[in-house]
Amino acid sequence: RELCKTGLLTGVRLGELLNLRWKDLDFEERKILVQNHDDFMTKSKRSRVVPMTDELLRMLAERKKNIRSESEFVFPNQHGRKLNVGLVERKFKEAVRLAGLNERLHFHSLRHSYASALVSSGVSLYAVAKLLGHSQTKTTEIYSHLMPGGLHSEVNKLDGLFTITRGEP
């Protein structure tokens, strides 16, 4: 449950989440460093910082306090080792079926939901691209149809910036 919620509140890929270590979390600065490790490479091969929401910060701090394992991983298996991607995907699918949700939903859908919610809230495609770790905003443009008010809200920002009075050349 907490793994899914973290995916939904960060847009981080499943592989990145499963490789997330406690040392990658900065509770003071409220951020997660998604980075390469000796045994893991991010899709873009580059590190990025993802800010934590208040809700996520509370949940992860509570998890750290109550976790029984000495594992370096934030979401370890019962033996303290890295969770298996296939297992998580199967369990997610089981939960989707049990909840009677659309069978086309998969763990990666949480990433799309994150991006869609940001864009629908008016967050720029540039910012969403940075948060998702896209190297080009072109990849992020699939969410552009969700932008509220389309281009009208953008051009309305010009209202009041230019003052033209009658009689001036």
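**Helix crossing and core**

H1 and H5 cross in a right-handed sense, meaning that the near helix is turned clockwise from the far one by less than a right angle. This is a predicted model: local features need pLDDT of at least 70, side-chain atom pairs count only at pLDDT 80 or more, and totals for chains, interfaces and linings use all residues. Residues are numbered from 1 along each chain as its sequence is written, and side-chain values use heavy atoms, with hydrogens and water left out.

Helices here are DSSP runs of H or I, at least four residues, and strands are runs of E, at least two, numbered from the N terminus. The contact of H1 with H5 divides into 5 nonpolar, 3 polar and no charged residues; nonpolar covers Ala, Val, Leu, Ile, Met, Phe, Trp, Tyr, Cys and Pro, charged covers Asp, Glu, Lys and Arg, and the others, Gly among them, are polar.

Next, the core. The largest nonpolar core has 34 residues, a core being buried Ala, Val, Leu, Ile, Met, Phe, Trp, Tyr and Cys joined through side-chain atoms within 4.5 Å. H5 gives the largest share, 5 residues.

Last, the rings. There is 1 aromatic pair in the structure. Phe 92 and Phe 107 have ring centres 5.5 Å apart and planes at 70°, so they are edge-to-face (centres within 6.5 Å; under 30 degrees stacked, over 60 edge-to-face, the rest tilted). Phe 92 is buried at 13% relative accessibility, and Phe 107 is buried at 5% (buried is under 20% relative accessible area, exposed over 50%, partly exposed in between; 1.4 Å probe, protein chains only).

Key
Phe/Tyr/Trp six-rings, centres within 6.5 Å; stacked < 30°, edge-to-face > 60°.
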